[in-house]
Amino acid sequence: MFPEHRPRRLRTTPAMRRLVSETTLRPRQLILPMFVAEAADEPKPIASMPGVVQHTRDSLRKAAVDAVRAGVGGLMLFGVPATRDAIGSGGTDENGILNVALRDLRAELGDETVLMADTCLDEFTDHGHCGVLDANGEVDNDATLQRYAEMALAQADAGAHLLGPSGMMDGQVGAIRAALDDAGHTGTGILAYSAKFASAFYGPFREAVDSQLTGDRKTYQQDPGNVREALREIELDLAEGADAIMIKPALAYLDVVRAAAQMSPVPVAAYNISGEYAMVEAAAANGWLDRERTILEVLTSIRRAGADMILTYWAAEAARLLD
Ligand code: PBG
């Protein structure tokens, strides 16, 4: 007559549910991506990402300290330059906005947090691609590696603890590792964007960095259908010296996060990207879902899939909610 098995017994009270909870979500596992703009006199809201701004150097410093005090595990910095050119000079210039801001934050926070930088040219190029172009207008893989090596050195000199090459060029981890080691930066690590898919969910980010891109990134970012290829990219990055790997985006790629977590000998990060953020914020603004519950559920699902750390624009807020 009666059910022999009653799983509901373990759900009866909050204390019981807490006791049997399988997945942890802690502030230290969250990394806050931040934007800093060269031209800004005041923080500039990003319309498609309510609550996220292009910072000034000053407001960045304050927001970074606040996030670190809230307990986040690290900060990932993106620069928005005032001027752009074909080779992305602003990314390698020691006085370029990203390098200046890294220096600011390292001076302010020292080793109190893990400071990361986007090691990619797209924010700095006038054509918006992640690399330099050849005579035919195609992204030139090997010429780009040279630029990434220079960019990595500038960022390491400026105080970044971890570099995040996000351009999906072949050999980028190896090229950056060799450049860092040659210059004596053996202690600077690489968080490799190993499996980065050509995703429509990057839409709001393009506004966030005033992207100049026309067309797409399909010759370097991966096809959304490919998981075997993602595992190959991870293996190559590991062989080239990645200290941690990343899957990006997160939500539509949780199976890839899971597959990566099962085979990776190094920590796995997942990037809860701009479009994932915008979807939830837009629905919440319409009163269509409970914003805070949704944020924690999204982040828990990425942890459950196997990510050790999550880059998320909600990092500081979620850290406070979890406290
Ligand atoms: C490229 C880069 C992108 C993002 C992070 N690094 C954009 C792209 O590949 O087009 C997207 C992050 C997000 O959407 O939140 N430097």
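Reply: The shell around the ligand splits into five nonpolar, two polar and three charged residues. Here Ala, Val, Leu, Ile, Met, Phe, Trp, Tyr, Cys and Pro count as nonpolar, Asp, Glu, Lys and Arg as charged, and the others, Gly among them, as polar. The residues in question are Asp118, Cys120, Asp122, Cys130, Ser166, Tyr202, Phe205, Arg217, Ile273 and Ser274, where being near a molecule takes a C-beta atom, placed from the backbone, within 6 Å of it.

Bear in mind that this is a predicted model: local features need pLDDT of at least 70, side-chain atom pairs count only at pLDDT 80 or more, and totals for chains, interfaces and linings use all residues. Residues are numbered from 1 along each chain as its sequence is written.

On to the annotation. An unreviewed UniProt entry puts the feature "binding site" at Ser274 and Tyr313; positions follow the numbering used here, feature names are shortened, and such annotations may be inferred rather than shown by experiment.

Ser274 belongs to helix α9 (residues 274-285), while Tyr313 lies in the loop between β10 (309-312) and α11 (315-322). Helices (H or I, at least four residues) and strands (E, at least two) are DSSP runs numbered from the N terminus.

Ser274 is buried, with 25 other C-beta atoms within 10 Å, and Tyr313 is buried too, with 26 C-beta neighbours inside 10 Å. The scale is: buried at 20 or more other C-beta atoms within 10 Å, exposed at 12 or fewer, partly exposed in between, with C-beta atoms placed from the backbone.

As for contacts (C-beta atoms, placed from the backbone, within 7 Å), I leave out residues up to four places away in sequence. Ser274 then touches Met49, Tyr202, Gly203, Pro204, Phe205 and Ala208. Tyr313 is in contact with Pro33, Met49, Val52 and Tyr277. Met49 turns up in both lists.

Zooming out, the protein chain has eleven helices and ten strands. Of its 323 residues, 49% count as buried. Among contacts with a separation of 6 or more, 74% join residues 24 or more positions apart. The C-alpha atoms fill a box of roughly 75 × 45 × 40 Å along the principal axes.

Note on methods. Two residues are in contact if their C-beta atoms, placed from the backbone, lie within 7 Å.
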